[in-house]
Amino acid sequence: MPCYSIEGVVPVIDPSAYVHPTAVLIGDVIVGPDCYVGPCAVLRGDFGRIVLERGSNVQDTCVVHGFPAQDTVVEENGHIGHGAVLHSCIVRRDALVGMNAVVMDEAEIGEASIVAACAFVPAGRKIPPRSLAAGMPAKVMRALSDQEVAWKLEGTRTYQALTLRSLASMQEVPALTAVEAERPRVAAPDVKPLIATKRG
(Lines give C-alpha, C1' and ligand atoms only; values in the text may rest on other atoms or scores of the structure.)
Protein backbone atom coordinates (compact mmCIF):
# COMPACT_ATOMS: atom_id res chain seq x y z
CA MET A 1 0.00 0.00 0.00
CA PRO A 2 1.17 3.59 -0.47
CA CYS A 3 2.54 4.40 2.99
CA TYR A 4 4.73 7.46 3.48
CA SER A 5 6.79 8.95 6.27
CA ILE A 6 7.14 12.69 6.61
CA GLU A 7 9.85 14.35 8.70
CA GLY A 8 10.71 10.91 10.02
CA VAL A 9 7.18 10.14 11.32
CA VAL A 10 6.00 6.76 10.01
CA PRO A 11 2.42 5.40 10.00
CA VAL A 12 1.69 2.56 12.43
CA ILE A 13 -0.61 -0.34 11.48
CA ASP A 14 -1.43 -3.03 14.03
CA PRO A 15 -0.85 -6.52 12.53
CA SER A 16 -4.49 -7.44 13.20
CA ALA A 17 -5.78 -4.51 11.10
CA TYR A 18 -6.49 -4.64 7.38
CA VAL A 19 -5.53 -1.66 5.20
CA HIS A 20 -6.39 -2.05 1.52
CA PRO A 21 -3.39 -1.76 -0.82
CA THR A 22 -4.88 1.30 -2.56
CA ALA A 23 -5.38 3.26 0.67
CA VAL A 24 -2.83 6.03 1.30
CA LEU A 25 -1.35 6.63 4.76
CA ILE A 26 0.95 9.58 5.38
CA GLY A 27 2.94 10.44 8.50
CA ASP A 28 1.34 10.48 11.95
CA VAL A 29 -1.34 7.85 11.41
CA ILE A 30 -2.05 5.13 13.97
CA VAL A 31 -4.31 2.25 12.90
CA GLY A 32 -5.22 0.15 15.91
CA PRO A 33 -6.13 -3.51 16.37
CA ASP A 34 -8.93 -5.09 14.32
CA CYS A 35 -9.45 -1.95 12.19
CA TYR A 36 -10.48 -1.87 8.54
CA VAL A 37 -9.34 0.81 6.07
CA GLY A 38 -11.02 0.51 2.67
CA PRO A 39 -9.90 1.02 -0.92
CA CYS A 40 -8.78 4.53 -1.90
CA ALA A 41 -9.17 5.93 1.62
CA VAL A 42 -6.67 8.70 2.41
CA LEU A 43 -5.39 9.26 5.97
CA ARG A 44 -3.08 12.27 5.88
CA GLY A 45 -1.16 12.71 9.10
CA ASP A 46 1.07 15.42 7.65
CA PHE A 47 -0.28 18.13 10.00
CA GLY A 48 -2.19 16.58 12.94
CA ARG A 49 -2.28 13.03 14.29
CA ILE A 50 -4.89 10.53 13.07
CA VAL A 51 -5.91 7.69 15.39
CA LEU A 52 -8.19 4.75 14.61
CA GLU A 53 -8.95 2.87 17.81
CA ARG A 54 -9.73 -0.84 18.12
CA GLY A 55 -12.36 -2.26 15.79
CA SER A 56 -13.09 0.98 13.93
CA ASN A 57 -13.47 1.17 10.17
CA VAL A 58 -12.84 3.87 7.57
CA GLN A 59 -14.43 2.80 4.30
CA ASP A 60 -13.61 3.40 0.64
CA THR A 61 -12.75 6.92 -0.59
CA CYS A 62 -12.92 8.50 2.88
CA VAL A 63 -10.57 11.40 3.62
CA VAL A 64 -9.19 11.92 7.13
CA HIS A 65 -7.03 14.97 7.85
CA GLY A 66 -6.54 17.66 10.48
CA PHE A 67 -4.90 20.89 11.53
CA PRO A 68 -1.44 21.01 13.14
CA ALA A 69 -1.39 20.00 16.82
CA GLN A 70 -4.95 18.63 16.63
CA ASP A 71 -5.82 14.94 16.66
CA THR A 72 -8.50 13.40 14.49
CA VAL A 73 -9.76 10.36 16.38
CA VAL A 74 -12.17 7.54 15.61
CA GLU A 75 -12.73 5.76 18.91
CA GLU A 76 -13.38 2.05 19.44
CA ASN A 77 -15.98 0.58 17.07
CA GLY A 78 -16.32 3.88 15.23
CA HIS A 79 -17.84 3.40 11.78
CA ILE A 80 -17.04 5.81 8.94
CA GLY A 81 -19.16 5.25 5.80
CA HIS A 82 -18.12 5.43 2.16
CA GLY A 83 -16.83 8.79 1.02
CA ALA A 84 -17.04 10.59 4.37
CA VAL A 85 -14.63 13.38 5.29
CA LEU A 86 -13.28 13.86 8.83
CA HIS A 87 -11.20 16.93 9.70
CA SER A 88 -9.75 17.62 13.19
CA CYS A 89 -12.77 16.00 14.89
CA ILE A 90 -13.57 13.21 17.31
CA VAL A 91 -15.94 10.33 16.58
CA ARG A 92 -16.72 8.72 19.92
CA ARG A 93 -17.01 5.01 20.69
CA ASP A 94 -19.70 3.11 18.75
CA ALA A 95 -20.70 6.16 16.65
CA LEU A 96 -21.41 6.05 12.93
CA VAL A 97 -20.71 8.75 10.33
CA GLY A 98 -22.81 8.05 7.25
CA MET A 99 -21.83 7.94 3.60
CA ASN A 100 -20.53 11.23 2.14
CA ALA A 101 -21.03 13.08 5.44
CA VAL A 102 -18.53 15.77 6.47
CA VAL A 103 -17.45 16.32 10.08
CA MET A 104 -15.51 19.55 10.59
CA ASP A 105 -12.89 20.92 12.96
CA GLU A 106 -13.37 20.41 16.72
CA ALA A 107 -16.76 18.76 16.16
CA GLU A 108 -17.55 15.76 18.35
CA ILE A 109 -19.88 12.91 17.50
CA GLY A 110 -21.19 11.48 20.75
CA GLU A 111 -20.98 7.85 21.79
CA ALA A 112 -23.36 5.53 19.88
CA SER A 113 -24.68 8.40 17.72
CA ILE A 114 -25.43 8.30 14.00
CA VAL A 115 -24.66 11.09 11.53
CA ALA A 116 -26.90 10.62 8.50
CA ALA A 117 -25.55 10.20 4.99
CA CYS A 118 -24.58 13.49 3.30
CA ALA A 119 -24.89 15.48 6.56
CA PHE A 120 -22.56 18.41 7.25
CA VAL A 121 -21.46 18.71 10.87
CA PRO A 122 -20.09 22.27 11.32
CA ALA A 123 -16.93 23.15 13.18
CA GLY A 124 -17.33 22.94 16.94
CA ARG A 125 -20.73 21.19 16.84
CA LYS A 126 -21.22 18.63 19.62
CA ILE A 127 -23.65 15.80 18.84
CA PRO A 128 -24.89 14.22 22.09
CA PRO A 129 -24.64 10.47 22.74
CA ARG A 130 -27.25 8.16 21.17
CA SER A 131 -28.54 10.85 18.82
CA LEU A 132 -29.46 10.97 15.14
CA ALA A 133 -27.99 14.05 13.44
CA ALA A 134 -28.96 14.98 9.87
CA GLY A 135 -29.01 17.92 7.49
CA MET A 136 -26.80 20.71 6.19
CA PRO A 137 -25.87 21.94 8.71
CA ALA A 138 -26.51 18.84 10.82
CA LYS A 139 -29.01 19.15 13.65
CA VAL A 140 -30.02 16.61 16.26
CA MET A 141 -33.28 15.10 15.02
CA ARG A 142 -34.05 12.73 17.89
CA ALA A 143 -32.69 10.09 20.23
CA LEU A 144 -31.81 6.71 18.74
CA SER A 145 -33.84 3.63 19.59
CA ASP A 146 -32.26 0.52 21.08
CA GLN A 147 -32.98 -1.19 17.74
CA GLU A 148 -31.01 1.45 15.83
CA VAL A 149 -28.05 1.27 18.20
CA ALA A 150 -28.04 -2.53 17.89
CA TRP A 151 -28.25 -2.28 14.07
CA LYS A 152 -25.21 0.00 14.02
CA LEU A 153 -23.18 -2.37 16.20
CA GLU A 154 -24.11 -5.29 13.95
CA GLY A 155 -22.85 -3.33 10.94
CA THR A 156 -19.56 -2.56 12.67
CA ARG A 157 -19.12 -6.22 13.57
CA THR A 158 -19.63 -7.02 9.89
CA TYR A 159 -16.65 -4.78 9.08
CA GLN A 160 -14.59 -6.39 11.83
CA ALA A 161 -15.38 -9.73 10.21
CA LEU A 162 -14.40 -8.23 6.84
CA THR A 163 -11.02 -7.36 8.34
CA LEU A 164 -10.46 -11.06 9.10
CA ARG A 165 -11.83 -12.17 5.71
CA SER A 166 -9.57 -9.70 3.91
CA LEU A 167 -6.45 -10.69 5.87
CA ALA A 168 -7.19 -14.34 5.14
CA SER A 169 -8.12 -14.27 1.47
CA MET A 170 -7.96 -10.94 -0.37
CA GLN A 171 -5.40 -10.90 -3.15
CA GLU A 172 -4.88 -9.10 -6.43
CA VAL A 173 -5.80 -11.28 -9.41
CA PRO A 174 -6.41 -10.82 -13.14
CA ALA A 175 -10.11 -10.52 -14.04
CA LEU A 176 -11.86 -13.39 -15.78
CA THR A 177 -13.04 -12.79 -19.33
CA ALA A 178 -16.36 -14.62 -18.87
CA VAL A 179 -18.69 -15.62 -16.06
CA GLU A 180 -17.98 -19.19 -15.02
CA ALA A 181 -20.75 -21.78 -14.68
CA GLU A 182 -22.28 -21.89 -11.20
CA ARG A 183 -20.33 -18.82 -10.13
CA PRO A 184 -19.89 -18.78 -6.32
CA ARG A 185 -20.93 -15.87 -4.12
CA VAL A 186 -18.79 -14.34 -1.38
CA ALA A 187 -19.54 -15.70 2.08
CA ALA A 188 -20.79 -12.39 3.44
CA PRO A 189 -22.79 -12.29 6.69
CA ASP A 190 -26.54 -11.77 6.74
CA VAL A 191 -26.71 -8.06 7.53
CA LYS A 192 -29.61 -5.91 6.33
CA PRO A 193 -30.10 -2.17 5.76
CA LEU A 194 -31.76 -0.28 8.58
CA ILE A 195 -34.95 0.19 6.56
CA ALA A 196 -35.29 -3.59 6.17
CA THR A 197 -34.56 -4.09 9.87
CA LYS A 198 -37.38 -1.67 10.78
CA ARG A 199 -39.80 -3.45 8.42
CA GLY A 200 -39.08 -6.74 10.19
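Predicted model: local features only at pLDDT ≥ 70, side-chain atom pairs only at ≥ 80, totals over all residues.
Me: What makes strand 16 and strand 19 a pair, and in which sense do they run?

Reply: Strands are DSSP runs of E with at least two residues, helices are runs of H or I with at least four, and both are numbered from the N terminus. Two strands pair if DSSP finds at least two bridges between them. Strand 16 (residues 114-115) and strand 19 (residues 131-134) have 2 bridges and pair in the parallel sense. Within strand 19, Leu 132 is the bridge partner of Ile 114.

Me: How do you know that strand 19 also pairs with strand 20, and what lies between them?

Reply: Strand 19 and strand 20 (residues 139-143) are joined by 4 bridges and run antiparallel. Ser 131 stands opposite Ala 143, and Ala 134 stands opposite Lys 139. The hairpin has 4 residues between the strands, and Gly 135 takes a positive phi near 105 degrees there. Pro 137 lies in the loop between the two strands.

Me: Why is Pro 137 called partly exposed?

Reply: Buried means under 20% relative accessible area, exposed means over 50%, and partly exposed is in between (1.4 Å probe, protein chains only). Pro 137 has a relative accessible area of 36%, so it is partly exposed. The C-alpha atoms of Pro 137 and Glu 180 are separated by 48 Å, and these residues are 43 apart along the chain.

Me: Why are strand 3 and strand 20 said to stand at the edges of the sheet?

Reply: The open sheet is formed by 8 strands in the order 3-5-7-10-13-16-19-20, with mixed pairing. Strand 3 and strand 20 each have a single partner strand, so one side of each is left without a neighbour in the sheet. Of the 5 residues of strand 20, the number buried is 0, so this strand lies largely in the open.

Me: What makes Val 103 buried?

Reply: Val 103, found in strand 14 (residues 102-103), has a relative accessible area of 0% and is therefore buried. Its C-alpha atom is 9.0 Å from that of Val 115, a residue 12 places away in sequence.

Me: Why are Tyr 18 and Tyr 36 called a stacked pair?

Reply: The structure holds 2 aromatic pairs. The ring centres of Tyr 18 and Tyr 36 are 5.9 Å apart and the planes stand at 25 degrees, so the pair is stacked. Rings of Phe, Tyr and Trp (its six-membered ring) pair if their centres lie within 6.5 Å; planes under 30 degrees apart count as stacked, over 60 as edge-to-face and the rest as tilted. Tyr 18 is buried at 8% relative accessible area, and Tyr 36 is buried at 6%. Ring pairs link Tyr 18, Tyr 36 and Tyr 159 into a cluster.

Me: What does the lining of the second largest pocket consist of?

Reply: A pocket is an open set of points on a 1 Å grid over the protein atoms alone, with protein on both sides within 12 Å along at least five of seven lines; lining residues have an atom within 4 Å of a point. Among the lining residues of the second largest pocket are Leu 162, Arg 165 and Val 186. The lining divides into 3 nonpolar, 3 polar and 1 charged, where Ala, Val, Leu, Ile, Met, Phe, Trp, Tyr, Cys and Pro count as nonpolar, Asp, Glu, Lys and Arg as charged, and the others, Gly among them, as polar.

Notes
Residues numbered from 1 in each chain as written. Heavy atoms only, no water. 1 Å grid on protein atoms, 1.4 Å probe; cavity = no way out; pocket = protein on both sides within 12 Å on 5 of 7 lines; lining within 4 Å.
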